[in-house]
Amino acid sequence: MKKYLSLFIVLSLAFSQAACGGSTGSAEQTAEPTEAAETDTAEADTGSVLDILTDSSTTQAFTDEAVTAEDTEKILTAGINSPSGMNSQPWHFTALTNSELISEISEAMKANMPAGVDTSKAKADIGSAPLVIIISETEGNDFNIGLACQSMALTANALGYGTKILTSPCSLINSDYKETLSVPEGMDCGAVLIVGKEDTSLSPDEVTAATDRNSFDDVVSFVE
């Protein structure tokens with residue numbers, strides 16, 4: 001967990017530096033940070049990382065605003081650098097932004113949806129966001145790609161985007177779209193991460209509400 005948290009502390013520091021324009025000020029404007037200032041900055045960055053880790057929720061409605069190429073690369077890099085058993089890195093990432101293909105896959109999924117499913121609310125599916133990341137794996141590596149998927153989701157959250165993790169499109173992708181989506185031979189889609197700006201213009205009644213988390217005491221045991 002410490003290694004995992006450290007990754008996002010480093011990312012947050014990098015993002016903060018980029019947002020402030022780096023260290024390109026003039027000599028007159030540049031001063032060495034004091035130890036107290038460095039401590040305050042580190043605590044603030046750690047706090048923001050912990051907020052993302054503990055408070056981020058699934059996004060159920062996205063705008064059409066594109067994810068920038070620079071941010072897409074940062075998100076994918078987080079997946080690439082995720083931990084895996086024996087550093088096996090048993091994954092491949094396909095970044096899909098082709099809106100026509102995204103819509104085609106979404107419509108194909110809706111056509112196969114069981115009768116009676118309520119689609120009246122804006123619950124996000126594969127066709128809802130401008131960036132779709134297909135995470136492919138070799139057999140038996142669900143846990144490893146889960147780590148990669150979570151790393152990418154948290155990085156996207158740190159960059160100001162909403163995310164949702166899906167597995168429902170995998171069956172259709174594996175049967176009909178592996179070649180189109182550059183899924184390597186010997187691999188299958190194991191998860192899909194959709195990324196975009198959250199649509200905050202919708203009223204709560206137009207978006208499916210989040211389900212409650214189980215309480216701390218219900219799911220945690222201490223053995224001392």
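Predicted model: local features only at pLDDT ≥ 70, side-chain atom pairs only at ≥ 80, totals over all residues.
Figure 1. Of the 224 residues in the protein chain, 34% are buried. Among contacts between residues at least 6 apart in sequence, 83% join residues that are at least 24 apart.

**Figure 2. The largest nonpolar core, with Leu181 and Val192.** This core holds 21 residues, and Leu181 and Val192 are the ones that touch the most other members. A second, separate core has 19 residues, including Val67, Trp91, Phe93 and Ala148. In soluble globular proteins, nonpolar side chains tend to be buried together.

**Figure 3. The surroundings of Val192.** Not counting residues up to four places away in sequence, Val192 touches Ile126, Val132, Ile133, Ile134 and Ile135, and also Lys164, Ile165, Leu166, Pro169, Cys170 and Ile173.

Figure 4. The buried residues of α6 are Cys170, Leu172, Ile173 and Tyr177. These residues lie on the same side of α6, because they cover an arc of only 160° around the axis. An α-helix has 3.6 residues a turn, so residues three or four places apart point the same way. The buried residues of α6 pack against α4, β2 and β4, whereas Ser171 and Ser175, on the other side of α6, are exposed. Cys170 has a relative accessibility of 6%, and because buried means under 20%, Cys170 counts as buried.

**Figure 5. Cys189 in strand β4.** Cys189 has its place in strand β4 and is buried, with a relative accessible area of 6%. Leaving aside its neighbours within four places in sequence, Cys189 is in contact with Ile134, Ile135 and Ser136, and also with Cys170, Ile173 and Asn174. Although Cys189 and Ile134 are 55 residues apart in sequence, their C-alpha atoms are 6.5 Å apart in space.

**Figure 6. The aromatic pair of Trp91 and Phe93.** A pair of aromatic rings is described by the distance of the centres and the angle of the planes. For Trp91 and Phe93 the distance is 6.0 Å centre to centre and the angle between the planes is 35°, so that the pair is tilted. Both Trp91 and Phe93 are buried, and the count of aromatic pairs comes to two.

**Figure 7. Lys197 over the ring of Tyr161.** Lys197 lies over the face of Tyr161, at 4.7 Å from the ring centre.

**Figure 8. Asn141, a buried residue in a loop.** Asn141 is found in the loop between β2 and α5 (142-158). With a relative accessible area of 12%, Asn141 is buried. Leaving aside its neighbours within four places in sequence, Asn141 is in contact with Ser88 and Pro90.

Technical notes. Residues numbered from 1 in each chain as written. Heavy atoms only, no water. Buried < 20%, exposed > 50% of the residue type's maximum accessible area, 1.4 Å probe, protein only. Core = buried A, V, L, I, M, F, W, Y, C linked by side-chain atoms within 4.5 Å. Contact = heavy atoms within 4.5 Å. Phe/Tyr/Trp six-rings, centres within 6.5 Å; stacked < 30°, edge-to-face > 60°. Lys NZ or Arg CZ within 6 Å of the ring centre and 35° of its normal. Helix = DSSP H or I, 4+ residues; strand = E, 2+ residues; numbered from the N terminus. Arc of directions from axis to C-beta.
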